[in-house]
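Subject: The structure, and what was found in it

Dear colleague,

I am handing over the structure that you asked to look at, and I would be grateful if you kept it open while you read the rest of this message.

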Amino acid sequence: MNKRVLLAVDGSEKSLEATSILGQLLKDQSELDILLFHCVHQLEMFYPGEIAEIDISQQLSLDAQRKVGDAILASSRKVLAESGFPEDRIHLELGLGSTDPAHDILAEAEAERIRTVALGRRGRSPLGNFLLGSVSSKVAQYARYRTVWIVDTPVHKTRKVLVALEGAPDSRALTYYTAEFLAPIPQMHYTFFHIMPPIPPTFWDNGHILGPEEQKDRHSHIEKWRSEWTQKVEKFMDEACHSVVEQGVPLHSVEKQIVKTKEGIGRDLLNEIARGEYQVVVMGKKSFYERKPFLMGSHANKVLQNIQKAILCLVDATQ
């Protein structure tokens, strides 16, 4: 795995806070480098998002743009170094004349062959969470073959990681990423979490009032379905737990949870994230590709738009 992170910065207080958080989290991985990337935006009307919202830069010459951009990179580098991240593993890159920050961030990641992209998110009103111009949302949406970290500051400092597993194929990608990229971080506790889907329509009553024997038979079939589903999930959960333990994570720092759906998979996941005050949440983002972009029914998108005080790692199962 390419142990490099492209961290997109914009010089804002939220961006600097996200930079410090990531520096503290990743500082002990001696084989990991961070590339700080800033692109100076040139549109008169900015996207309502997070990156490169510098009011004066649109009127500046290239030399002046470079001076502004260099200052932002310098301040970000200073914060990252102060977090304890080694300065010799910090690299800087500046982009000028940007018209689409999300595109430029992904283009830089592609050019540098970096598979993990990270960026902070500005504080916004509830309505602002759904603006399609959001840079963090666009990067998450279009980052094929890459994992995207969205840092919603301030972040819980609980050292707790929630790995939300769905199906077996996706779980392998999440497990591999977690084991290779997160397991080396010391003193983290991992919860492999699965929410069972709602009862299939096959078992619905369809308006028919069941008699006692029919209810007993229906209940028996539902319990059999749940048992078989649980056995299937436990198999790839055991593999996931084994993979992080192999990387040196103590067995007592790993747990598994399989729960039933209550309000819906997306909402239940958000409730668990808030309840457990997880510092890092890892989940797949294939739902972005299976449906229309930003469809509200997408589990990954729902979590992306509503998660608070956590680092969301969206793993592309195809990478």
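This is a predicted model: local features need pLDDT of at least 70, side-chain atom pairs count only at pLDDT 80 or more; totals for chains, interfaces and linings use all residues.

Residues are numbered from 1 along each chain as its sequence is written, and side-chain values use heavy atoms, with hydrogens and water left out.

The sheet

Helices (H or I, at least four residues) and strands (E, at least two) are DSSP runs, numbered from the N terminus, and two strands are said to pair if DSSP finds at least two bridges between them. With these terms, the model has an open sheet of ten strands in the order E3-E2-E1-E4-E5-E10-E9-E6-E7-E8, and the pairing is mixed. Its edge strands are E3 (90–98) and E8 (254–259), each of which pairs on one side only. On average, neighbouring strands of this sheet are turned by 20° against each other, direction ignored; here axes are lines fitted to C-alpha atoms, for helices over the stretch in contact, and angles run from 0 to 180 degrees between N-to-C directions.

Strand E4 (residues 116–120) and strand E5 (residues 147–151) run parallel and are joined by five bridges, with Thr-147 in E5 as the bridge partner of Thr-116. E5 also pairs with E10, this time in the antiparallel sense and over four bridges, and there Trp-149 has Cys-313 in E10 as its bridge partner. E10 is joined to E9 as well, by five bridges between strands that run parallel, and Val-282 stands opposite Cys-313 in E10.

Helices and cores

Contact means heavy atoms within 4.5 Å. The buried residues of helix H4 are Val-135, Ser-136, Ser-137, Lys-138, Val-139, Ala-140 and Gln-141; seven of the eight residues of this helix (residues 135–142) are buried, so H4 is largely enclosed by the rest of the structure.

A nonpolar core is a set of buried Ala, Val, Leu, Ile, Met, Phe, Trp, Tyr and Cys residues joined through side-chain atoms within 4.5 Å. The largest one has 49 residues, and those with the most contacts inside it are Leu-26, Ile-34, Trp-149, Phe-192, Val-280, Val-282 and Ile-311. Helix H6 (residues 212–246) gives the largest share of this core, six residues. Apart from it lies another core, of 35 residues, among them Ile-105, Ala-143, Ala-164 and Tyr-278. Not counting residues up to four places away in sequence, Ile-34 touches several residues, including Val-5, Leu-7, Leu-26 and Phe-85.

Salt bridges

A salt bridge is a side-chain nitrogen of Lys or Arg within 4 Å of a carboxyl oxygen of Asp or Glu, and by this rule the count comes to nine. In one of them Glu-110 meets Arg-146, with the closest N and O atoms 2.9 Å apart. This pair links distant parts of the chain, since Glu-110 lies in helix H3 (residues 101–112) and Arg-146 in the loop between H4 and E5, 36 residues apart. Glu-110 is partly exposed, at 46% relative accessible area, whereas Arg-146 is buried, at 4%.

Arg-226 and Glu-223 form another, with the closest N and O atoms 3.2 Å apart, and both lie in helix H6, three residues apart, about one turn of the helix. Lys-256 and Asp-238 also meet through their side chains in a salt bridge (2.5 Å, N to O); Lys-256 lies in strand E8 and Asp-238 in helix H6, so the pair ties together parts that are 18 residues apart in sequence.

With best wishes

How values were computed. Buried means under 20% relative accessible area, exposed over 50%, partly exposed in between (1.4 Å probe, protein chains only).
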